Amino acid sequence: MTLTAKQTRAWLLNFSNKIHDNKQYLSDLDQAIGDGDHGSNMSRGVTAVEAAITDESLEKASDVMKKAAMAMVSKVGGASGPLYGSAFLEMAKVIDNEAIARVIAAGLDGIKKRGKAEVEDKTMVDMWAPVVDALQDGRLSVEAIEEAKAQTKPLKAKKGRASYLNERSIGHLDPGAVSSSYLFIALLEEVEV
Ligand code: ADP
Ligand code: MG
Ligand code: MG
């Protein structure tokens with residue numbers, strides 16, 4: 001089953017709501033191991049996404065996803081903008097033709113290509129990679145997402161600002177993994193996966 005434009009819009013608007021609701025929390029997480037702006041970066045980005053995707057003339061899921069990608073890239077100053085932008089852009093390339101597991105896998109490839117992070121570098125890759133695995137096995141759940149989130153806590157950051165802290169990055173959740181968790185909880189709420 002592939003996603004329609006309507007489903008994709010509902011998914012991204014749900015994600016956007018979760019980002020707004022957790023804006024302060026995301027910035028607090030980033031305050032601990034970064035520069036404290038992840039919530040405001042993401043909130044600015046998804047506000048632009050909302051405006052870009054409400055255009056009713058967008059007929060295909062790929063049209064919606066492409067608009068979302070451009071909004072994230074152009075409105076988010078931090079590292080997360082180009083990373084989400086790359087993910088959404090790679091997803092747009094396959095979303096009209098592939099099942100959701102393949103779509104998220106394409107997004108993960110986009111993030112890895114852009115940011116050069118691997119699993120266990122304590123980045124959003126540590127949310128996207130286990131979600132791809134779970135989707136492939138047909139067992140994505142809120143519990144699986146929460147577990148992936150928790151597993152970023154003991155890791156030492158090897159990419160992004162948090163990596164400047166070395167050992168001191170240990171014991172904190174990765175902000176980008178947490179914002180990505182909302183994308184996948186929104187997916188579960190809007191789409192039968
Ligand atoms: P900045 O670090 O520029 O202030 P944000 O605070 O918005 O940007 O985003 C930080 C998040 O971006 C991190 O928590 C991490 O998940 C993600 N991130 C940073 N660098 C990379 C990278 N090279 N690959 C994947 N994700 C990364
Ligand atoms: Mg930051
Ligand atoms: Mg910043």
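The legends below accompany several close-up views of a predicted model.

Figure 1. The model is a prediction, and the protein has a mean pLDDT of 97, with 100% of its residues reaching 70 or more. For the complex, the predictor gives an ipTM of 0.99 together with a pTM of 0.98. An unreviewed UniProt entry lists residues 6-189 under the name "domain: DhaL".

**Figure 2. The largest nonpolar core.** This core has 58 residues, and those with the most contacts inside it are Val49, Met65, Ala68, Phe88, Ile104, Trp128 and Val131. Helix α7 supplies the largest share of the core, namely 8 residues.

**Figure 3. The surroundings of Ala68 in the core.** Ala68 is among the residues with the most contacts inside the largest nonpolar core. When residues up to four places away in sequence are not counted, Ala68 touches Leu12, Val49, Ala52, Ile53 and Phe88. Of these partners, Val49 and Phe88 are also listed among the residues with the most contacts inside the core.

**Figure 4. The shell of residues around ligand 1.** Ligand 1 is surrounded by 24 residues, of which the closest are Gly78, Gly115, Thr123, Gly160 and Gly176. The elements that give two or more residues to this shell are α3 (38-53), α5 (80-94), α6 and α9 (175-190), and the largest share, 3 residues, comes from α9. Sorted by class, the shell around ligand 1 holds 8 nonpolar, 9 polar and 7 charged residues.

Figure 5. Lys116 has its place in the loop that lies between α6 (100-115) and α7 (125-136), and its phi is near 60°, a positive value in a residue other than glycine. Lys116 counts as exposed because 11 other C-beta atoms lie within 10 Å, and the limit for this class is 12 or fewer. Glu120 lies in the loop between α6 and α7, and the phi of Glu120 is near 75°, again a positive value in a residue other than glycine. Glu120 has 15 C-beta neighbours inside 10 Å, and therefore counts as partly exposed, a class that falls between the limit of 12 or fewer for exposed residues and that of 20 or more for buried ones.

Technical notes. Residues numbered from 1 in each chain as written. Chains lettered and ligands numbered in written order. Predicted model: local features only at pLDDT ≥ 70, side-chain atom pairs only at ≥ 80, totals over all residues. pLDDT = per-residue confidence, 0-100. UniProt positions renumbered as here; feature names shortened; annotations may be inferred. Helix = DSSP H or I, 4+ residues; strand = E, 2+ residues; numbered from the N terminus. Core = buried A, V, L, I, M, F, W, Y, C linked by C-beta atoms within 7 Å. Contact = placed C-beta atoms within 7 Å. Near = placed C-beta within 6 Å. Nonpolar A, V, L, I, M, F, W, Y, C, P; charged D, E, K, R; others polar.
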